[in-house]
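Here is a short briefing to read alongside the sequence and the 3D view. Take a moment to find your bearings in the fold, then work through the points below.

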Amino acid sequence: MHNGSVALREIYPVRAGDFATAGEASRKIKGILKKLGVDSGVVRRVSIAAYEVELNLVIHSQGGEMELIVQPDYVSLNVRDEGPGIPDIDLAMQEGYSTASEEVRMMGFGAGMGLPNMKRNATDFSIHSEVGVGTTIGMGFKL
């Protein structure tokens with residue numbers, strides 16, 4: 001967590017395979033940040049990263065949660081999932097690399113840009129994964 005008092009903390013559960021509600025949590029996050037008067041450029045970057053991570057939860061995990069923390073000078077997005085884990089994070093961070101199924105690709109998802117887009121949009125980015133256990137991703141955005 002960054003320095004400063006917590007102005008807001010919300011948790012959004014995300015269900016595996018639930019394409020009908022995919023994007024709902026990131027839309028809510030975008031709305032909250034706009035209401036709080038966060039700079040539109042930061043709102044855009046957080047929204048892109050939130051959508052990418054939410055889709056990854058739907059596509060690749062067995063479910064998880066997204067935690068939004070808003071502080072006076074920093075927005076944190078912490079994500080935890082249960083799932084297969086990522087065997088090779090360096091490979092997964094390469095643009096275009098994807099383990100998405102053909103069915104998911106036919107729906108227009110799984111292009112292999114999720115993790116690179118998260119890292120590109122966040123001020124701070126960390127990822128930890130354990131095969132057979134799950135993955136945690138931390139993203140921070142300076143205001």
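Predicted model: local features only at pLDDT ≥ 70, side-chain atom pairs only at ≥ 80, totals over all residues.

Five strands make an open sheet in the order β1-β2-β3-β5-β4, with antiparallel pairing. Helix α1 packs on this sheet, and α2 lies across β1, β2, β3 and β5. Helix α5 is largely enclosed by the rest of the structure, since six of its eight residues are buried.

**The sheet**

- Start at the edges: β1 (8-14) and β4 each have a single partner strand, so one side of each is left without a neighbour in the sheet.
- On average, neighbouring strands are turned by 10 degrees against each other, if direction is ignored.
- Strand β2 (residues 64-71) pairs with strand β3 (residues 74-81) over eight bridges, in the antiparallel sense.
- β4 and β5 form a hairpin with three residues between them. In its turn, G132 has a positive phi of about 85 degrees.

- Helix α1 (residues 24-35) touches β1, β2 and β3, and its direction makes about 165 degrees with that of β1.
- Helix α2 runs at about 175 degrees to β5, one of the strands it lies across.

**Where α1 meets α2**

- The axes of these two helices come within 8 Å and cross at roughly 160 degrees.
- That angle is over 145 degrees, so α1 and α2 count as roughly antiparallel to each other.
- The crossing of α1 and α2 is right-handed.
- On the α1 side, the contact is made by E24, A25, S26, I29, K30, L33 and K34. The α2 side supplies V43, V46, S47, A50, Y51 and E54.
- Sorted by class, the residues of this α1 and α2 contact are seven nonpolar, two polar and four charged.

**Where α2 meets α5**

- Helix α2 (residues 40-60) and helix α5 (residues 114-121) have axes that come within 9 Å and cross at roughly 155 degrees.
- α2 and α5 are therefore roughly antiparallel to each other.
- This time the crossing is left-handed, as α2 passes α5.
- From α2, the residues in contact are R44, R45, I48, A49, E52, V53 and N56. From α5, they are G114, L115, N117, M118 and N121.
- The contact of α2 with α5 has five nonpolar, four polar and three charged residues.

**How α5 is enclosed**

- Which residues of α5 are buried? They are G114, L115, P116, N117, M118 and N121.
- The cover over these buried residues includes α2, α3 (89-92), β4 and β5.

- R27 lies in helix α1, and with a relative accessible area of 53% R27 is exposed.
- R27 and R105 are 78 residues apart along the chain, and their C-alpha atoms are separated by 22 Å.
- M66 is found in strand β2. Is M66 buried or exposed? Its relative accessibility is 0%, so M66 counts as buried.
- From M66 to D81 the distance is 8.8 Å, C-alpha to C-alpha, and the two are 15 residues apart in sequence.
- I69 also lies in strand β2, and at 6% relative accessibility I69 counts as buried.
- I69 and A122 are 53 residues apart in sequence, with 14 Å between them in space, C-alpha to C-alpha.

Definitions and conventions
Residues numbered from 1 in each chain as written. Heavy atoms only, no water. Axes fitted to C-alpha atoms, helices over the stretch in contact; angles between N-to-C directions. Helix = DSSP H or I, 4+ residues; strand = E, 2+ residues; numbered from the N terminus. Parallel < 35°, antiparallel > 145°, perpendicular 65-115°, else oblique. Left-handed = near helix turned anticlockwise from the far one by under 90°. Contact = heavy atoms within 4.5 Å. Nonpolar A, V, L, I, M, F, W, Y, C, P; charged D, E, K, R; others polar. Pairing = 2+ DSSP bridges. Buried < 20%, exposed > 50% of the residue type's maximum accessible area, 1.4 Å probe, protein only.
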